[in-house]
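Please consult the sequence and the structure shown below while reading.

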Amino acid sequence: MRIEGSEIMKVRDIQHPLLPEVTQEEMSRQRAVVSMRKLINARMRAQNVRRFETEGAPAFAARHGRQPQSPDDIERAFFESSGYRMWSAVNRSVQEMIWVSVGEPIFRDRSRMEAAARALIDSPDKIGALELDPAYDPSPEIAGTDVHLQPGGYARADTPDDIVAGAFYETGGNIYSFGQGAGKADSKAGVVLNLLNAEFPDFKPTRILDLGCSAGAATAAYAAAFPDAEVHGLDVGAGMLRYAHARAEALGVPVTFHQMDASQLKFADASFDLVVSHNMLHEIGPEKRRRAMAEAFRVLRPGALTIFQDVDTRFALSDVHRVEKNWDAHFNGECFWKAYNEADLLADMLGAGFAPADVSEHNMEAVSNLNRWYVISGRKPDAGAAA
Ligand SMILES: C[S@@+](CC[C@H](N)C(=O)[O-])C[C@H]1O[C@@H](n2cnc3c(N)ncnc32)[C@H](O)[C@@H]1O
């Protein structure tokens, strides 16, 4: 089914030929994994702090003769609780099940999907572009890690037609996001578009850049929301980008995708009026994060905006809640998760060149209503103010 670009933001279950064909049995299994994630990660997880207080901390105190105080102590105390250990093991198993449940249809249908992608990529009528950089070398953390256990990770690209990284990201991401992720008109872009509508209603960007775009769901959503804008997306892996490009073509939205590092943009100074990223800050580590923010500042035109949306793990009621959120760093292949949770992102934005009055943080409700997102935005001073 081809959806007109302007319709993308309204459709909650986007279909396109890059998606694997799924049998009834596979569909049931995927729905079961979504249900398990809702039970284990949303409902049962809420009990972890109580498990720490009633089992973990007393057992830690009995063993060490002191209350757990430092983050390391708190982490050890969590593991003194058998209830927490059981939750942790089951949560890890459910995370593994995500990839098994989407991997079977992907690998069965892979040659059809790759042929469909190749036809879209090679089409003389295509409306977007794909600029791969064979010399690009993703950092070892990205190339060598199955981030959130996705098999082969973000940079997976085994053959010249490989699109598996993108297929995994879109289909697995939907299950990870409780059935509401990429492909559901991208709720993360919807959050930023809601913010723009509320705070900058007259803002009409003409050149947009999406950093760390993965399968290009948010990028396509921006192209649909601003049909007169020139939209660019970038990421590190050729397999992911081939998928994103073919997906955007299938959906009828013009986007140029680049294999490029967010911390080393090959775009001219002052060449964009909106630079966004969705869930990239927690994947890139402090050094690249600061360089990516400085690069965003550099490529923004005077008066233009950058908006970084990310996971809400930074909103913690106490040290115990904060440490509880570090589970993904240890058991879900998220090597920079902890660094992101503990980062002073406001300071990083100021270090990148933004003025304090032009930076704001937001705690936003997801469009799907199932979770919340952290958002930090910065506006580059306009030419008059900067002079
Ligand atoms: C959690 S995914 C988010 C993808 C997408 N924006 C979304 O919200 O669905 C993070 C993405 O950031 C990309 N990434 C990691 N390091 C990067 C870097 N240095 N430059 C550009 N992208 C990077 C990863 O490859 C991955 O696709």
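In this predicted model, a polar backbone atom of alanine 262 lies 2.9 Å from a nitrogen atom of the ligand. Aspartate 261 places a polar side-chain atom 3.0 Å from a ligand nitrogen atom.

The largest share, three residues, is that of helix 10. Of the 19 residues around the ligand, those that come nearest are Lys188, Gly212, Ser214, Asp235 and His278. Sorted by class, the shell comprises 10 nonpolar, four polar and five charged residues.

The second topic is the packing of two helices. Such a pair is described by the distance between the axes and the angle between them. For helix 2 (residues 48-64) and helix 3 (residues 71-78), the axes come within 8 Å and cross at roughly 100°. Because angles of 65 to 115 degrees count as roughly perpendicular, helix 2 is roughly perpendicular to helix 3. Helix 2 makes the contact through Asn48, Phe52, Gly56, Ala57 and Phe60, while helix 3 contributes Asp73, Ile74, Arg76, Ala77 and Phe78. By class, this contact has six nonpolar residues, together with two polar and two charged ones.

Key: Residues numbered from 1 in each chain as written. Predicted model: local features only at pLDDT ≥ 70, side-chain atom pairs only at ≥ 80, totals over all residues. Heavy atoms only, no water. Near = heavy atom within 4 Å. Polar contact = N/O pair within 3.5 Å; in protein donor to acceptor, adjacent residues only side chain to side chain. Helix = DSSP H or I, 4+ residues; strand = E, 2+ residues; numbered from the N terminus. Nonpolar A, V, L, I, M, F, W, Y, C, P; charged D, E, K, R; others polar. Axes fitted to C-alpha atoms, helices over the stretch in contact; angles between N-to-C directions. Parallel < 35°, antiparallel > 145°, perpendicular 65-115°, else oblique. Contact = heavy atoms within 4.5 Å.
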